[in-house]
Amino acid sequence: MTAVSVTVYRVSLLQRELHQHLEVLVRSLIILCTVLSIVLSIVSVCDGLWLQTPGGRMFGLWLFCTTQPVAGVDGRVPDLMHHKQSAFEALAPRLCITQLGQSGVGGVEVGMGCCRALVSLAVVSAIFGLEFQVISRLSEGQDSARRWVLGSALMLVAASLSASGVLVFVALLRGFVSLAGFTLTFWCQFTAAALFLLNGLAARYIHHMNTAAPLTGILQTC
């Protein structure tokens, strides 16, 4: 009977060590993915040019850019269909302005201001969430658990704010939206919003699984 008890105890210790190693690995991966999503969101917000239209216009969070053909030597605009080489030479550099109202889209200034606020707050919330998650790994007990839960909650807040900013942008420019028109920085923001959501859900799941395991697992019965 004593040998059986010793065997069960050793098995429980091995399971506990394996559980701890897996938990550290998963939490580290969550933190790493959070860092990646923050970097993607920062790059997307700083660049800000999210949509390009076939007419050469680009709509962004901070700027509105357009390209305009200039007149040739004879005062006429070259034919873009039959004179491709001269057309490229005749195109002026991209003109970018901060007065978004000149884009001709109604309510674009107010809408972009709201979009900028949402995605910027999402980055701030994600940074604070990352900070709480990192600090939780440097502490123990209930303080560590509370910091981890708070960090995961801030991740979910960042996901909701980022997704709201993307939806506001798409709804505001719905007349120009096409899958081919979205720029790389827009997809960076879209990916960051998805990662914020997945990281927040994964962090909460890891916490609930960790708190429920001692109540129902072999460790409690031993």
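Predicted model: local features only at pLDDT ≥ 70, side-chain atom pairs only at ≥ 80, totals over all residues.
Residues are numbered from 1 along each chain as its sequence is written, and side-chain values use heavy atoms, with hydrogens and water left out.

Back to T185. You'll find T185 in helix α5, where helices (H or I, at least four residues) and strands (E, at least two) are DSSP runs numbered from the N terminus. T185 has a relative accessible area of 13%, so it's buried. For that label, buried is under 20% relative accessible area, exposed is over 50%, and partly exposed is in between, with a 1.4 Å probe and protein chains only. Which residues does T185 contact, leaving aside its neighbours within four places in sequence? They are S44, D47, L49 and W50, with contact meaning heavy atoms within 4.5 Å.

L49 takes us to the strands. L49 has G60 in β2 as its bridge partner. Strand β1 (residues 49-52) and strand β2 (residues 58-60) run antiparallel, joined by 3 bridges; two strands pair if DSSP finds at least two bridges between them. Together β1 and β2 make a hairpin with 5 residues between them, and G56 in the turn has a positive phi of about 90 degrees.

Now the aromatics. There are 9 aromatic pairs in the structure. The rule: rings of Phe, Tyr and Trp (its six-membered ring) pair if their centres lie within 6.5 Å, and planes under 30 degrees apart are stacked, over 60 edge-to-face, and the rest tilted. Take W50 and F186: the ring centres are 5.8 Å apart with the planes at 70 degrees, so that pair is edge-to-face. W50 lies in strand β1 and F186 in helix α5 (residues 184-216), so the pair ties together parts that are 136 residues apart in sequence. W50 is buried because its relative accessibility is 0%, and F186 is buried because its value is 3%.

F182 and W187 are edge-to-face too, at 5.7 Å centre to centre and 80 degrees between the planes. F182 counts as buried at 11% relative accessibility, while W187 counts as partly exposed at 32%. And one aromatic cluster takes in W50, F169, F182, F186, W187 and F190.

Next, a glycine. G129 is in helix α3 (residues 108-137), and is buried at a relative accessible area of 0%. Not counting residues up to four places away in sequence, G129 touches G151, L154 and M155.

Last, the whole chain. What is its secondary structure? It comes to 6 helices and 4 strands, in the order α-β-β-β-α-β-α-α-α-α along the sequence. Of its 222 residues, 34% count as buried. Among contacts between residues at least 6 apart in sequence, 71% join residues at least 24 apart.
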